[in-house]
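Me: Please take me through this structure by question and answer.

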Amino acid sequence: MNKIFSIQTLSAGLLLASSTLSAPVLAGNPEQFNVTIPTLSTGVEIDGDLSEPQWQQAANVQLKYETSPGENIAAPVTTDAKIFATETSLFVAFIAHDIDPTKIRANLRDRDNSWGDDQVGIKLDTFNNARLAYQFFINPYGVQNDSIENELTGQESDAWDGIWYSSGKITPKGYQVEAELPLRLFNFDDSKDIQTWGIELVRFYPRNETHRISSHKIDRNVSCQLCQLGTVTGLAGAQQGQDIQITPSIVGARNSQRELNPSQPWEDDDNVEVGLDLRWGITPTTLLNATINPDFSQVEADSGQLDVNNNFALFYPEKRAFFLDNKDYFDTQLSLLHTRNISSPDYGVKITSKTDDHTLAVLAANDEQTQFLVPGNLSSDVATIDEESYNLAARYRFDPSKTLSFGGLVTAKQSDNYHNYVASFDTKWQPTEQDTFTAQYVFSDTEYPEDFFQQFCNGDDCSTPPQECETGNCDYNERVLRTKKQDNFSDSMYRISYDHDRRNWRAFSRFESIGEDFRADLGFIERIDASKFVAGGNYYWYPTNSFFNKIDFGGDWDITHNQNNEKIEQEAEAAIRLNGGWQSYIASGYVHKDRVGRRQDSSSLAIDDNTTMYTIDLMWFYTNFVPIESLKLELDVNYGDDIDYANDRPATVTMFNPAFEWKITESVILDVNHKYQALDVDEGRLFTANLTDLRLNWQITLNSFLRLTSVYTDIERDPDLYKYQTPNEQYQKLGNEILYGYKLNPQSVFYVGYSDGLIADDDIDSLTKRDETYFMKVSYAWLL
């Protein structure tokens, strides 16, 4: 197939451009917000009381501007911020005045779960280079939210958890909070006498609309967000100090399992693990994380997902603390590192460092088994090799200016008769305040064990060479063909994109090409042997004195071929999105696409003359809104054409997904999410699937909680309508968990809980318990 242009040409052009730029295009505005922070000899007690004399010496800032939904208009309420530093900590306080304090929205929640409440906070870019920013927000009860904003990927992640201190209280005139941010939290160059950091002070004021109030104006005609931060100077003599954290832990569990037969005896497995985590700030800009015999168990159950009429593997996010610390240092535009592919490690080590324009991150861990994704262009699946594997990821990024970035990433996953090595180069360039170019090139080399393909063989005959098979006589599928390889094999992929983003409109395009033998086994690249071109745009309106404050109308067109230039899919979509009163978001769209079904001859990867092209017309609708303070409602609906992938024929899908969050009291919250999905074919109803995810949380105090989780799946099928298989007519699954937790901080915790799993099918006509687990964890972070 023809390439648009080579990645080498693009890279050379960007290098030339960087050498000719005399200064960043997004240079600081002369009117840029600036605050000078005084350094005092002593700090204050974090108790929500601002009577200490240090606060009288602090720098004062007023949050004057509403940046959303209003566009840099006068703030509807008064907010005063105070900020000062000692040599080891940054202290910030907010006095949030309110016209009617009885309408303040504040709830006792677990950390990172109080979004939607009244909030005040601070964003800090400690290198002032518009790449990463720490974010700290506090609600009126002192509940903490922290995250990292990554300009390179355009995403925010609340996975990062630092140890910092906050307190808040509601007053007759509003509320006030104070926080201490130890400087050991941050990477920064403490060799400088005076620091210059990027800063924004923010308040969220949720009423009929969620008002975002800032210390300075935000220009909607500038696509970059972090380059619009103000600056903070001062922190004289700032020292990160001795940043050593040692966290021993002990985890005990009893797991009982039995076959799906109530008469079978239980088999018990008792396990006690003692682990140790080390977090050491070697220098103010270099952090070492190490763990021995770590506890990588997940305390919080994954959200339920329906896996029906779906050919691709489900994605589950990472939740384990070791992998999440400074995770953003490894990020690229492509998902080349998804650490849930390291499922059961015994040890791990990670180094992350940033100095001036250079960022470096290295991760190494073993795994008791070898797990990864086997991708394809019509399907993907998770594979497991029962061997210990060794896993490595290393990332380097060079940022010569706020507008230009270059990076490289290598990953390696290896066991006895298997390996996957990946090397990547990426770049991001913003030549103007509205234009962004990104490009990434990746190369991989892989080797599978000789009989690895057999785990995807549904029957007995996967050994006959595909060319000798008669249609339907061999038990091949795409995963078998993708894994039946001799010796090692290699291939590449690349992606280039352009985005022009202005106040009132946006245009974008992207092209990516993924070779048929490309693999990224430490990442989550589920589609290979494909090339895809996407182009689209949006237009924005900002009505005033109206129920809606933002209207976005747009769409895109895309087309996908395999590497033999055989068309897989062509799609056009138009959508309208509205933000307005009741803190509402409403979106609706129409999709028209041509898409191939399953392969008719499973021993061939061909698309032409081996698949049927179906025409699909689908309508979708989504909304969430807050009609009253204690209730948030959500609804997602799809209706229209679909493909019955199991039987290769046209179908009609009905998907109805309501959800609600009910704040029963300030400390008790009920979340319920239900998904109904039905697929109809000409002969009748193929299946009906229901999934209910219920979570009841009681935040007993700021540090302790009790949580009940129950996820129920019910799938009913008509086996007579299946051509190639005979599935169960009924399948039910119920998973329950009750968990008590006490968190002194994110690493000093006590958990005790119980979970179980029940299943029913055609052979067992009622839900029968097949496993249960009792568990406990204790860990304590020693800060030296």
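This is a predicted model: local features need pLDDT of at least 70, side-chain atom pairs count only at pLDDT 80 or more; totals for chains, interfaces and linings use all residues.

Reply: Residues are numbered from 1 along each chain as its sequence is written, and side-chain values use heavy atoms, with hydrogens and water left out.

Me: How many salt bridges does the count come to?

Reply: Side chains of opposite charge can pair when their charged atoms come close. A salt bridge here is a side-chain nitrogen of Lys or Arg within 4 Å of a carboxyl oxygen of Asp or Glu. By this rule the count is 35 salt bridges.

Me: Which residue forms a salt bridge with Arg254?

Reply: Strands are DSSP runs of E of at least two residues, numbered from the N terminus. Arg254 lies in strand 16 (residues 244–257) and its partner in strand 17, so the pair ties together parts that are 16 residues apart in sequence. Arg254 is partly exposed, with a relative accessible area of 38%, where buried means under 20%, exposed over 50% and partly exposed in between (1.4 Å probe, protein chains only). The closest N and O atoms are 2.6 Å apart, and the partner is Asp270.

Me: Are the side chains of Arg595 and Glu569 buried or exposed?

Reply: These side chains meet in a salt bridge at 3.1 Å, N to O. Arg595 lies in strand 32 and Glu569 in strand 31, so the pair ties together parts that are 26 residues apart in sequence. The relative accessible area is 6% for Arg595 and 9% for Glu569; Arg595 is buried, and Glu569 is also buried.

Me: What is the nearest side chain of opposite charge to Asp594?

Reply: Asp594 lies in strand 32. The side chain of Asp594 makes a polar contact (a pair of N or O atoms within 3.5 Å; within protein, one must be able to donate a hydrogen and the other to accept it, and residues adjacent in sequence count only if both atoms are side-chain atoms) with the side chain of Thr615, at 3.1 Å. Asp594 is buried yet has no salt bridge. With Lys and Arg counted as positive, Asp and Glu as negative, and His and the chain ends not counted, the nearest side chain of opposite charge, 4.5 Å away, is Lys567.

Me: What is the phi of Asp529?

Reply: Most residues other than glycine have a negative phi, and most peptide bonds are trans. Asp529 is found in the loop between strand 28 (505–514) and strand 29 (530–541), and is buried at 5% relative accessible area. Its phi is a positive value, near 50°.

Me: Where is the place of Pro69?

Reply: The peptide bond from Ser68 to Pro69 is cis, with omega near 0°. Pro69 has its place in the loop between strand 3 (65–68) and strand 4 (73–74).

Me: Which strand gives the largest share of the lining of the largest cavity?

Reply: A cavity is a set of points on a 1 Å grid over the protein atoms alone where a 1.4 Å probe fits but cannot get out, and lining residues have an atom within 4 Å of a point. About 120 Å³ of space lies in the largest cavity; of its 14 lining residues, the closest to the centre are Thr126, Leu132, Tyr134, Tyr329 and Lys354. Grid points are joined across faces, edges and corners, and a volume is the space filled by probe spheres set on the points. The largest share of the lining, three residues, comes from strand 8 (residues 132–138).

Technical notes
On a 1 Å grid over the protein atoms alone, a cavity is a set of points where a 1.4 Å probe fits but cannot get out, and a pocket is an open set with protein on both sides within 12 Å along at least five of seven lines; lining residues have an atom within 4 Å of a point. Helices (H or I, at least four residues) and strands (E, at least two) are DSSP runs, numbered from the N terminus.
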